[in-house]
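Please look over the sequence and the structure shown below before reading on. The report that follows takes up one topic at a time.

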Amino acid sequence: MTGPAHLPGQATQSTATALQSRNLGFRWGRQQPLLTFPDLDLQTGEHLFLHGPSGSGKSTLLSLLAGLQQPTTGELMMLGEDVSHRASGDRDRFRADHLGVIFQQFNLVPYLTPLANVLLPTRLSPLRRQRATPTPTAEAASLLGALAIAEDHWQRPVSQLSIGQQQRVAAARALTGAPEIILADEPTSALDADNRDRFIELLLTLAKARHTSVIFVSHDLGLAHHFHHQVCLEART
Amino acid sequence: MKARLALTLALASLWHRRGVLALVSLTLTLSVTLLLGVQYLRSDIRQAFTSTVSGTDLIVGARSGPINLLLYSVFHIGDATNNIRWSTVEELARDPRIDWLVPLSLGDSYEGFRVVGTDPSFAAHFRYGRDQALQLAEGHWFSDTFDVVLGAEVARRKNHHSGDSVVLAHGGGSTSFMKHRDSPFRVSGVLAATGTPVDRAVYVSLQGLEAIHVGWESGVALPGRTLTPAQARQRDLTPSSVTAVLVGVERKVLTFQLQRAISQYRDEPLSAILPGIALSELWRLLGQFERILLYITGFVVITSLVGLMAVLLALQAQRRQEVAILRATGASPGLIASLYLIECVALTLVACVLALALGAAGLTLVGPWLLDNYGIRIGLRPLDSTEWLILASVPAAGLAVALIPALRAWSGSRHQGLGGSD
């Protein structure tokens, strides 16, 4: 376990805390062992690389950060608010307002067009809708353009998109409405090397423009150099 | 905003899965059509039945029970216990409370169809359904002693037209050996279909009926005593008795008073019935099975709804990833659950609309054919409140059925972690 490593010379414009966790622990069931996680500290606009072998609890940690699960022990502060003791409805609202999530694959709702998938957060959160400038659709269009999704693909069934395109549409959805934090769960594991590097560069460039922190989970240490900080989760036996 | 989002998502999801769901909707549509159709026909047939005779205030016959009198005078089923003397009919005609009366004389038959002897007042006063008068499809009402007017079904089944010659049989039954061969009748007209027993009857004048029975007093024709048509036209053919009389009352408030007076008639024992009441009583006896039919089709709809629920539950397994995406984007478990409710109700609504269209199209196509071939009159009409209620209960039942997958989705998505696989 390595603690949060602040690299020198990477100070961002804002020094507000994006994420702070202390003694986080989670148990999936009464009979299950308690999973414990290293303390995390992240300033807004900074990116964190979470690394660990499979079974190290990466996805569980992301579920806690996303507010889909409530930590069994410890505290979780996000954007200066204690979210670890909130009711699930509040956590859902917090996630809709302040978080973007990118999965490993199958990121898109199959019956919505790519454009409608990107607009989903602005339809679920009034705050995200308000932040999407100039309008949600215009922002979605510019994000899709920036992520190199050709305009004739915006209305196609998502099943006609390549995996790389699907992941980039998912990135656009995570970025839309400028959330403070993006949680990315091995989003590049299904991509080849070229696509992978391009994806990470695009994601981080667009995140930087929005002062959005990216928490990126991967088992591929070769990606760590893109990020300000890295934390390693230990393998569990 | 959330409600609109839920609606958009649910409809998009339904459209996405239209292949599988089309079949379930088809099952549901057919069962709703069946349910609605049974209820529709039920009230239509009851309406048609209870208005087999309308406009007639009283039916008078020899003393008997109301159902019996109704059966032989209107439906031509069974026989009268006794006849009414012609003098009684003449006395009734003089009663100031009586507006009009139509004498009916039954007994003979033509190829199994009942022969009804009456006079021109029948065409003038007989009404059925919603105050509809009898219409002639061809020809004219009887003017000669040996003219006959055929009901629609009689003409169709025996393929008769105006000008055809027919020989009536003595007594009822389709295989009567005693026929009035020496006095054939000429078809003067054919009635339009009514959907009532009128379609299955043959109408002649009282005089015609009297003429063919001269010489038949002992029940069989006595040689030399019967009349030729030419002789018959010379004679006074006033009947000595009739079977029943349809009565129209001058002022409707006097109907019960008149009914009582006729029942207490001093010269011979008579009964007078109110046809509407007697028809309703008869329907209560006959109408039990259609209620059972409605219950059965109700169960068919429930079965299709259970089938719909099974499909929704099966689809739920495929939807874990989609639910994970929506949850990660900030959708609450309630929104996920509402998708299932909306989808199920939307499917039932589609089924209801399709069932209405299917039923209307079916009635429009089949209605005229039914009337022509079976004498059943069923037309398009606005649905009544009971039918709307039955129709509305289908989406309501759909909502109840959807609660099961919705609750499952709700509790499942509460405990689902990030990603569909956890």
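## Chain A as a whole

Among contacts in chain A between residues at least 6 apart in sequence, 79% join residues at least 24 apart. This is a predicted model, and each value given here was computed from it. Chain A contains 7 helices and 10 strands. Its radius of gyration is 17 Å, close to the 18 Å that the globule rule gives for 237 residues, so chain A is as compact as a globular protein of that length. The C-alpha trace of chain A spans about 50 × 40 × 35 Å along its principal axes, and 47% of the 237 residues of chain A count as buried.

## Helix 5 of chain A and its surroundings

Helix 5 of chain A covers residues 136–146, and its buried residues are Pro136(A), Glu139(A), Ala140(A), Leu143(A) and Leu144(A). Seen down the axis of helix 5 of chain A, these buried residues fall within an arc of 135°, so they line one face of the helix. An α-helix has 3.6 residues a turn, so residues three or four places apart point the same way.

In the loop between helix 4 and helix 5 of chain A lies Pro134(A), which is joined to Thr133(A) by a cis peptide bond with an omega of about -5°. Just after helix 5 of chain A, Ala148(A) takes a positive phi of about 60°.

## Two further positive phi values in chain A

Phe106(A), a residue other than glycine, has a positive phi near 50°, and it lies in the loop between strand 7 (99–102) and helix 3 of chain A. Glu186(A), which is not a glycine either, has a positive phi of about 45°, and it is found in the loop between strand 8 (181–185) and helix 7 of chain A.

Which of the classes buried, exposed or partly exposed does Glu186(A) belong to? With 21 other C-beta atoms within 10 Å, Glu186(A) is buried, the cut-off for that class being 20 or more. Phe106(A), with 19 other C-beta atoms within 10 Å, is partly exposed.

## Where chain A meets chain B

How many residues of chain A are in contact with chain B? The contact involves 27 residues of chain A and 20 residues of chain B. On the side of chain A that touches chain B, helix 1 (58–66), helix 2 (88–98) and helix 3 of chain A each supply at least two residues. By class, this side of chain A has 14 nonpolar, 9 polar and 4 charged residues.

## The nonpolar cores

The largest nonpolar core has 101 residues, of which Ala172(A), Leu183(A), Ile215(A), Phe216(A), Val32(B) and Leu308(B) touch the most other members. Helix 13 of chain B, residues 333–374, gives the most to this core, with 12 residues. Apart from this core lies another, of 62 residues, among them Leu58(B), Ala80(B), Val102(B) and Ile273(B).

Not counting residues up to four places away in sequence, Ala172(A) touches Val118(A), Ala140(A), Leu143(A), Leu144(A) and Leu147(A), and Ala140(A), Leu143(A) and Leu144(A) are among the buried residues of helix 5 of chain A.

Strand 14 of chain B pairs in the antiparallel sense with strand 1 (residues 58–62) of chain B over 4 bridges, and Val60(B) stands opposite Val245(B) in strand 14 of chain B. Strand 14 of chain B also pairs in the antiparallel sense with strand 3 (residues 98–104) of chain B, over 6 bridges, and here Val249(B) is the bridge partner of Ile98(B).

Helix 12 of chain B, residues 320–328, is mostly covered, with 7 of its 9 residues buried. The buried residues of helix 12 of chain B are Glu322(B), Val323(B), Ala324(B), Ile325(B), Leu326(B), Arg327(B) and Ala328(B). Just after helix 12 of chain B, Gly330(B) takes a positive phi of about 115°.

Terms used. Residues are numbered from 1 along each chain as its sequence is written. Chains are lettered from A and ligands numbered from 1 in the order in which they are written. This is a predicted model: local features need pLDDT of at least 70, side-chain atom pairs count only at pLDDT 80 or more; totals for chains, interfaces and linings use all residues. A residue is buried if 20 or more other C-beta atoms lie within 10 Å of its own, exposed if 12 or fewer, and partly exposed in between; C-beta atoms are placed from the backbone. The arc is that of the directions from the helix axis to the C-beta atoms. Two residues are in contact if their C-beta atoms, placed from the backbone, lie within 7 Å. Ala, Val, Leu, Ile, Met, Phe, Trp, Tyr, Cys and Pro count as nonpolar, Asp, Glu, Lys and Arg as charged, and the others, Gly among them, as polar. The radius of gyration is taken over C-alpha atoms; the globule rule is 2.2 Å times the number of residues to the power 0.38. A nonpolar core is a set of buried Ala, Val, Leu, Ile, Met, Phe, Trp, Tyr and Cys residues joined through C-beta atoms within 7 Å. Two strands pair if DSSP finds at least two bridges between them.
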